[in-house]
Amino acid sequence: MSRKELWANLQKHDAELSKTHLRDLLADKERNKHLIFEHDNIVLDLTHEKITDQTLNLLEEVAVKSGVYEGVKKMFSGEKINTTEGRAVLHVALRAQKGEKIVTDGKNVVEEVHETLHRIENFSNQIRSGHLKGKTGRTLKNVVVIGIGGSYLSIEFVYEALRSHPEAVARAQDRKLRFLANVDPIDFSRATEGLCVEETLFIINSKTFTTAETMLNARTCRNWLIEQYKLKGVVCKNEDEIKDLVNHHMCAASTNLTDTSKFGISAEKVFGFWDWVGGRYSVWSAVGILPLSIQFGYDYMDRFLKGAHNIDTHLAKATSIKGNLPLLLALVGFYNTSIKNLNARAILPYCQALCKFVPHVQQLDMESNGKRVNLAGQTLDYECTVVNFGEPGTNGQHSFYQLLHQGRIVPCEFIGFCRSQRPVVLAGEPVTSHEELMSNFFSQPDALACGKTIEELKAEKVPENLQNHKYFPGDRPSLSLLFTELNPYTAGQLLALYEHRTAIEGFLWDINSFDQWGVELGKVLAKQVRTFFQNHQDKSTADFSGTKFNSATEALLSKFVQHK
Ligand SMILES: O=P(O)(O)OC[C@H]1O[C@](O)(CO)[C@@H](O)[C@@H]1O
């Protein structure tokens, strides 16, 4: 059977299954037993998805026919599966253990990875111990990470996920880690607000070292260094003195060693990585491990790498989707998207420390799989991936859950932890705060799946005119991921699960998940606006001679020039 015939089979199966309400499927204990999976203390509960064991059998056939297992093998072995850029996709090598071997272009990249990790370990230890100091001999207690997209989102996610973990609190002491991503000057002002220049280190994170926003922010920070030092009576009299200042207070993580050097950062302050690391997968490289090791210590972040490696091994060894967490996540995602034609998914961590997880997954998933052509460049006759959104629970419950329960059908992904990083037990309260939070984690999937019938409302004596308003149709799919606690190891596992889900979904859709040509056009068009602004520095009336804007954009630009 062809791939499309297998999809058609699944559609038939889904049509048959749609005759049974999810509340009735859930009443089947035998079915439920087959839909709960566990790996290394992570539980993946698929009982609240609109599936049965038979669905998984049919999905297994799709996985085999779509070359998912080959795709995974090629990725892990360093084949150049990013075909439009001629690159391997080897973020898994960034968390490979010392002594492992992954060869691409004739080189065992794991050796290079560990050399860089060793440099990061030394450098971060030296900053943390105060051995490496600022220009005036002060300890570098503040780090500002300058970077955008993959060079920012994942690092902020990990920082937020760990910063309340008691061990992380002890390790961070009075260190500050801040982020400067947006070229909006408000972001610069917030990132540097209240920082003592003598105690501040900037890390320029940019794979290409050409991203317009990051480079302007890096120049703005360099200028801030010079000006702030001037205010303290330390004046740079020539380029060499500026270079010396920059070298005390700036370092970089990049693949572009030529431009980092042109910027004035000396080689020992540059932490390289490789073109086979996609931006949205780069937290495992110096981009993430350097700032996070300065904040929490290298040995702590090593556990994050180990968590991801655990999931890598779990996936690499898979011979069936059953029991394999990333494969199951991907195939259920594919089922909801391509078979059930649902076009969004809500990611709902019941953990405030995961407040930046969804913004990262949005880039990871939507930049990877928001595509319109297959690997051969042919236009697809199906949609790939969905709008990913979400908020930590229970906050989201007081915001957009109304839609989830009574509006459009959106598959939900609940992420929870058995233990809180910061438990609160109040005398006289019937449950702890964490139990209160988790009461919602456990109840929402049932509310979505089972709903509330008119009969139930009648039994509750709800007035007839309100019955339809208070009716919950249910039959809404969700999955739950339950971890024991959020720490560096499980944060690594969680992120690797989602990374692999995205890659596997890409294999199922026969697309290249590792390029992002769609972000280019807007960047190119911004160039002509930039030139227009350059020509209007001291003008309050717009002159469009020689430009190619349409009349609508001209009208808006005129207003801007008039009021700027
Ligand atoms: O790390 P760089 O090269 O500055 O790129 C930043 C981000 O910009 C993008 O290219 C999108 O514009 C992302 O893929 C990347 O993570």
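Two strands count as paired here if DSSP finds at least two bridges between them. I start with that because the first thing I want to show is a strand pair. The model is a predicted one.

Strand 1, residues 36-39, and strand 2, residues 42-45, pair in the antiparallel sense, over four bridges. Look at phenylalanine 37: its bridge partner in strand 2 is leucine 44. Two residues lie between strand 1 and strand 2, and the two strands form a hairpin. In the turn, aspartate 40 has a positive phi of about 45 degrees.

Five strands form an open sheet, in the order 6-5-7-8-9, and the pairing is parallel. Which strands are at the edges? They are strand 6, residues 176-180, and strand 9, residues 270-272, each of which pairs on one side only. From one strand to the next, the twist averages 20 degrees. Within this sheet, strand 7, residues 200-205, runs parallel to strand 8, residues 250-254, and four bridges join them. Opposite phenylalanine 202 you will find methionine 250, in strand 8.

Helix 10, residues 185-192, lies across strand 5, residues 142-146, and strand 6. The angle between helix 10 and strand 6 is about 175 degrees.

Next, helix 5, residues 68-76. Which of its residues are buried? Val68, Gly71, Val72 and Met75 are. These residues cover an arc of only 95 degrees around the axis, so they sit on the same side of helix 5. What covers them includes helix 4 (53-65), helix 6 (91-94), helix 15 (298-316) and helix 22 (488-509). Just after helix 5 comes glycine 78, with a positive phi of about 85 degrees.

Last, the core. In soluble globular proteins, nonpolar side chains tend to be buried together. The largest nonpolar core in this model has 145 residues. The members that touch the most others are Ile146, Val158, Ile203, Leu328 and Leu331. Helix 22 gives the most to this core, with twelve residues. At least three residues come from each of domain 1 (23-65 + 318-424 + 432-509) and domain 2 (91-302).

To take one member, which residues does leucine 331 contact, leaving aside its neighbours within four places in sequence? They are Leu59, Ala63 and Ile321.

How values were computed
Residues numbered from 1 in each chain as written. Predicted model: local features only at pLDDT ≥ 70, side-chain atom pairs only at ≥ 80, totals over all residues. Buried ≥ 20, exposed ≤ 12 C-beta atoms within 10 Å, placed from the backbone. Arc of directions from axis to C-beta. Contact = placed C-beta atoms within 7 Å. Core = buried A, V, L, I, M, F, W, Y, C linked by C-beta atoms within 7 Å. Domains from an automatic or database assignment. Axes fitted to C-alpha atoms, helices over the stretch in contact; angles between N-to-C directions.
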